[in-house]
Amino acid sequence: MKFDPPLQSGVLIQRYKRFLADVKLDSGEQVTLHCPNTGSMKNCAEPGWRVWYSDSGNDKRKYRHTWELVQTDSGALIGVNTGRANALVKEAIAAAAIPSLQGYQQMRAEVKY
């Protein structure tokens, strides 16, 4: 997925209170990120894993940074921000990254039946 501006990264220290995560940046600075995932994240919030986050640029936000992805020790990327799921799939389909979903004339998200 393309992020504008590009994501920044750091190392996860801890996730707590479901919505917060402390991250140590490569500069040594520690920041608190907003975690938009309300699930337990039992298998995707290991201290020491690389975290990728976006910066809203809004100093008025209590937590201006948002946790987007986490990278496991094996290098797999896990999408943490559940609000990005539809856009991620749409981009993947448009880029023909999902062969079984190629050839459709239109695309609609979360259509009511």
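1. A96 is found in the segment after helix 1, which covers residues 85-94. (Helices here are DSSP runs of H or I with at least four residues, strands are DSSP runs of E with at least two, and both are numbered from the N terminus.) The phi of A96 is near 60 degrees, a positive value in a residue other than glycine. Have a look at that spot, because most residues other than glycine have a negative phi. A96 counts as partly exposed because its relative accessibility is 39%. (Buried means under 20% relative accessible area, exposed means over 50%, and partly exposed is in between, with a 1.4 Å probe and protein chains only.)

2. A quick word on what you're looking at. This is a predicted model, where local features need pLDDT of at least 70 and side-chain atom pairs count only at pLDDT 80 or more, while totals for chains, interfaces and linings use all residues. Residues are numbered from 1 along each chain as its sequence is written, and side-chain values use heavy atoms, with hydrogens and water left out.

3. Now the overall plan. The chain has one helix and six strands, and from the N terminus on they run β-β-β-β-β-β-α. Its C-alpha trace spans about 50 × 35 × 25 Å along the principal axes. Of the 113 residues, 28% count as buried.

4. What about charge? There are 15 positive and 11 negative side chains, and the centres of the two sets lie 8 Å apart. Lys and Arg count as positive, Asp and Glu as negative, and His and the chain ends are not counted. Each charge is placed at NZ of Lys, CZ of Arg, CG of Asp or CD of Glu.

5. P5 sits in the segment before strand 1, and the peptide bond from D4 to P5 is cis, with omega near 0 degrees. Keep in mind that most peptide bonds are trans.

6. Strand 1 (residues 8-16) and strand 2 run antiparallel, joined by six bridges (two strands pair if DSSP finds at least two bridges between them). V11 stands opposite K24 in strand 2. Three residues lie between the strands of this hairpin. K17 lies in that loop between strand 1 and strand 2, and has a positive phi of about 50 degrees although it is not a glycine. Is K17 buried or exposed? K17 counts as exposed, because its relative accessibility is 68%.

7. Strand 2 is mostly covered, as five of its six residues are buried.

8. Which residues does H65 touch? Not counting residues up to four places away in sequence, H65 touches V31, T32, L33, H34, Y53, S54 and D55 (a contact means heavy atoms within 4.5 Å). H65 is found in strand 5 (residues 65-71), and it counts as buried because its relative accessibility is 14%. For the chain as a whole, among contacts between residues at least 6 apart in sequence, 41% join residues at least 24 apart.

9. Finally, back to the helix. N86 is in helix 1, and it is partly exposed because its relative accessible area is 40%. Leaving aside its neighbours within four places in sequence, N86 is in contact with A109 and E110. N86 and A109 are 23 residues apart in sequence, and their C-alpha atoms are 6.9 Å apart in space. With E110, the N86 side chain makes a polar contact, side chain to side chain, at 2.7 Å. (A polar contact is a pair of N or O atoms within 3.5 Å; within protein, one must be able to donate a hydrogen and the other to accept it, and residues adjacent in sequence count only if both atoms are side-chain atoms.)
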